[in-house]
Amino acid sequence: MPIVVNLDVMLARRKMRSRELAERVGITEQNLSLLKSGKVRGVRFDTLERICEVLQCQPGDLLEWQPPPTD
């Protein structure tokens, strides 16, 4: 998938655990885990907004586009 989720990196920078972020954002730990692993097909803007608010970051800090490998 060319979109990479860097949520683990931002959590480490903020010295925050996934459980705390999930509680503060208002989503389940399971949904946050799926988001971190990139196994979701989309994320609601209001959820992304709350994550950015809690982590004090920009959406571009969490999501990155990487071109697919060429053969």
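This is a predicted model: local features need pLDDT of at least 70, side-chain atom pairs count only at pLDDT 80 or more; totals for chains, interfaces and linings use all residues.

Reader: Why are aspartate 46 and arginine 50 separated by about one helical turn?

Author: An α-helix has 3.6 residues a turn, so residues three or four places apart point the same way. Aspartate 46 and arginine 50 both belong to helix α4 (residues 45-55), and because they are four residues apart in it, their separation is about one helical turn.

Reader: Is arginine 44 buried or exposed?

Author: A residue counts as exposed when its relative accessible area is over 50%. Aspartate 46 is partly exposed, at 31%, and arginine 50 is also partly exposed, at 29%. Arginine 44 has a relative accessibility of 60%, so this residue counts as exposed.

Reader: Which residues of α4 are buried, and why do they line one face of the helix?

Author: Buried means under 20% relative accessible area. Seen down the axis of α4, the buried residues fall within an arc of 165°, and therefore they line one face of the helix. On the other side of α4, Phe45, Glu49 and Glu53 are exposed. The buried residues are Thr47, Leu48, Ile51, Cys52, Val54 and Leu55.

Reader: Which residue just after α4 takes a positive phi?

Author: Helix α4 comprises residues 45-55. Just after this helix there is a residue with a positive phi of about 50°, and that residue is glutamine 56.

Reader: Which residues line the largest cavity?

Author: The structure holds one cavity of 30 Å³ or more, and about 50 Å³ of space lies in the largest cavity. By class, its lining has eight nonpolar residues, with no polar and no charged ones. The lining residues are Val5, Leu7, Leu35, Val43, Leu48, Ile51, Leu62 and Leu63.

Reader: How many residues of each class are in the lining of the largest pocket?

Author: The largest pocket holds about 160 Å³ of space. Ten residues line this pocket, and Ile3, Val40, Arg41, Gly42 and Leu63 lie nearest its centre. Divided by class, the lining has seven nonpolar, two polar and one charged residues.

Reader: Which side chain meets that of glutamate 29 in a salt bridge?

Author: The structure holds five salt bridges. One of them has an N to O distance of 3.1 Å and joins glutamate 29 to arginine 19. The pair links distant parts of the chain, as glutamate 29 lies in helix α3 and its partner, ten residues apart, lies in helix α2 (residues 18-25). The partner is arginine 19.

Reader: Is glutamate 29 exposed or partly exposed?

Author: Exposed means over 50% relative accessible area, buried means under 20%, and partly exposed lies in between. Arginine 19, at 51%, counts as exposed. Glutamate 29 has a relative accessible area of 41%, so this residue is partly exposed.

Reader: What is the separation between the C-alpha atoms of glutamate 29 and serine 18?

Author: Glutamate 29 lies in helix α3 (residues 29-37). Leaving aside neighbours within four places in sequence, glutamate 29 is in contact with Arg19 and Ala22. Serine 18 is eleven residues apart from glutamate 29 along the chain, and their C-alpha atoms are separated by 6.9 Å.

Reader: Is asparagine 6 buried or exposed?

Author: Asparagine 6 lies in the loop between β1 (3-5) and α1 (7-13). Not counting residues up to four places away in sequence, asparagine 6 touches Asp61, Leu62 and Glu64. The limit for a buried residue is under 20% relative accessible area. At 17% relative accessibility, asparagine 6 therefore counts as buried.

Note on methods: Residues are numbered from 1 along each chain as its sequence is written. Side-chain values use heavy atoms; hydrogens and water are left out. Helices (H or I, at least four residues) and strands (E, at least two) are DSSP runs, numbered from the N terminus. Contact means heavy atoms within 4.5 Å. On a 1 Å grid over the protein atoms alone, a cavity is a set of points where a 1.4 Å probe fits but cannot get out, and a pocket is an open set with protein on both sides within 12 Å along at least five of seven lines; lining residues have an atom within 4 Å of a point. Grid points are joined across faces, edges and corners, and a volume is the space filled by probe spheres set on the points. Ala, Val, Leu, Ile, Met, Phe, Trp, Tyr, Cys and Pro count as nonpolar, Asp, Glu, Lys and Arg as charged, and the others, Gly among them, as polar. Buried means under 20% relative accessible area, exposed over 50%, partly exposed in between (1.4 Å probe, protein chains only). A salt bridge is a side-chain nitrogen of Lys or Arg within 4 Å of a carboxyl oxygen of Asp or Glu. The arc is that of the directions from the helix axis to the C-beta atoms.
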